[in-house]
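The sequence and the model are shown first, and the discussion follows.

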Amino acid sequence: MTDTAIKVGMIAEQTGPLSFMGCANANVAKMVIDDINASGGLLGRELDLYLEDGATTDSVAGAAAAKLVRQVKVDVLFGGIYSSTRQAIKGPAVVEGRKLYLYPEQYEGQECDPLIFCTGPVPAQQLDPLIPWLMQKSGAKKFYLPSADYIWPHVMNKRVRELVTASGGTIVGEEYFPLDHMEYGETVRKIMASGADVVFNTIVPPGLVPFFQQLHDAGFTKRGGLLICTYFDENLLALLPAEQTEGLYGCLDYYQNIADPFSKTLLDRYNARFTDGHQFTGGSACSGLYRAIRLWAAAVTEAGSLRQDDVVAALDHAKIAEGPGGPAEMVSGQHHVRMNMYIAQAKKGKFEIVKALGAIDPNEAMVPSDHTVPLRAAAGR
């Protein structure tokens, strides 16, 4: 390989409340970059990973993005978990720095910038199949929506309301709290009094732990109530006693018990290399990050150069034949990925897949071809 390395920037939440996710993302970035280098790099050049801690703080992530783009001069940027963090990265990296940025987490959709590609699931892939299926299967009609107060829960809840109403159900409660809110006694009392059949949760760590504890202590699931949390994965299950998540439904692009040989081998390789307890999971963006790096690498290979316009053009239709959960490909014009999706249920502290949905389109808006898309303000946080 030549002496001039390709600079790959990565922002991972290695400290703060989401460190259990971010440290796993950092592991994935190291593993995939090492794999690419072991097979000859890209365009005959080695990849150098520049890893920055986002610290689960948007201002820190934004500063890290500015450093990677302006000082390090990376060729591409990956990372971010919260949607508000994506927006914090977007300002200095994309709007000001005009740098290609791939966001790996499942999220609310609607990101629409020529230089941003999103490789995690969106509402059309999570909510649209899950909510009607669960309502038909269980007969549930009444939904309560306890939520963190930032852009992802607001957009997800709007879609849940549409889906529940279309299937003859009602929303009996919808509340929003700061991310560090820890006392949910009054909300739990409202949930119990409302007669809710389903709690659709978008509260995130650190508030997640006390909320689930208080909801369990009140006997919500014991009386037959159902829990839905679409970002929940094996990392999240590990945060809580199994009895608090028993029966919880999720819908993601990857769970650890997926049977396809590539997914199994990938998980085994990850577990053999990283023994720090940070798991390779779907909701924590690991699957989306693996997909993002591999799709970008495929685009660079097709483009035959690192000229950004050429890479973006190739990335618009990039595909990989194998990945966590199955093959994946960019839907041309949308900058989002068609991927396999799975409905799973928590049983005794582990997820069991109850329905393989096959490949589902993201159904996102077409991205404008010019570079005039304005920076969207982050809602809430």
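Arg161 is partly exposed, with a relative accessible area of 37%, where partly exposed denotes the range between buried (under 20% relative accessible area) and exposed (over 50%), computed with a 1.4 Å probe on protein chains only. Its partner in a salt bridge is Glu174, and the closest N and O atoms of the two residues are 2.6 Å apart; a salt bridge here is a side-chain nitrogen of Lys or Arg within 4 Å of a carboxyl oxygen of Asp or Glu. The pair links distant parts of the chain, since Glu174 sits in strand β7 (residues 170–177) and Arg161 in helix α5, 13 residues apart. Helices (H or I, at least four residues) and strands (E, at least two) are DSSP runs numbered from the N terminus. Glu174 is also partly exposed, at a relative accessible area of 31%.

The model is predicted, so local features need pLDDT of at least 70 and side-chain atom pairs count only at pLDDT 80 or more, whereas totals for chains, interfaces and linings use all residues. Residues are numbered from 1 along each chain as its sequence is written, and side-chain values use heavy atoms, with hydrogens and water left out.

Over the whole structure, the search finds 19 salt bridges. Among them are the pairs tabulated here.

| Pair | N to O distance | Relative accessibility |
|---|---|---|
| Asp34 and Arg273 | 2.7 Å | Asp34 37%, Arg273 40% |
| Asp128 and Arg159 | 3.0 Å | Asp128 26%, Arg159 28% |

The salt bridge between Asp34 and Arg273 ties together parts that are 239 residues apart in sequence, because Asp34 lies in helix α1 (residues 19–38) and Arg273 in helix α10 (residues 261–273). For the salt bridge between Asp128 and Arg159, the separation is 31 residues, Asp128 lying in helix α4 (residues 123–138) and Arg159 in helix α5 (residues 151–166).

When residues up to four places away in sequence are not counted, Trp296 touches Ile6, Val8, Leu42, Leu47, Val76, Phe78, Leu100, Leu102, Leu306, Val311 and Leu315, contact meaning heavy atoms within 4.5 Å. In soluble globular proteins, nonpolar side chains tend to be buried together.
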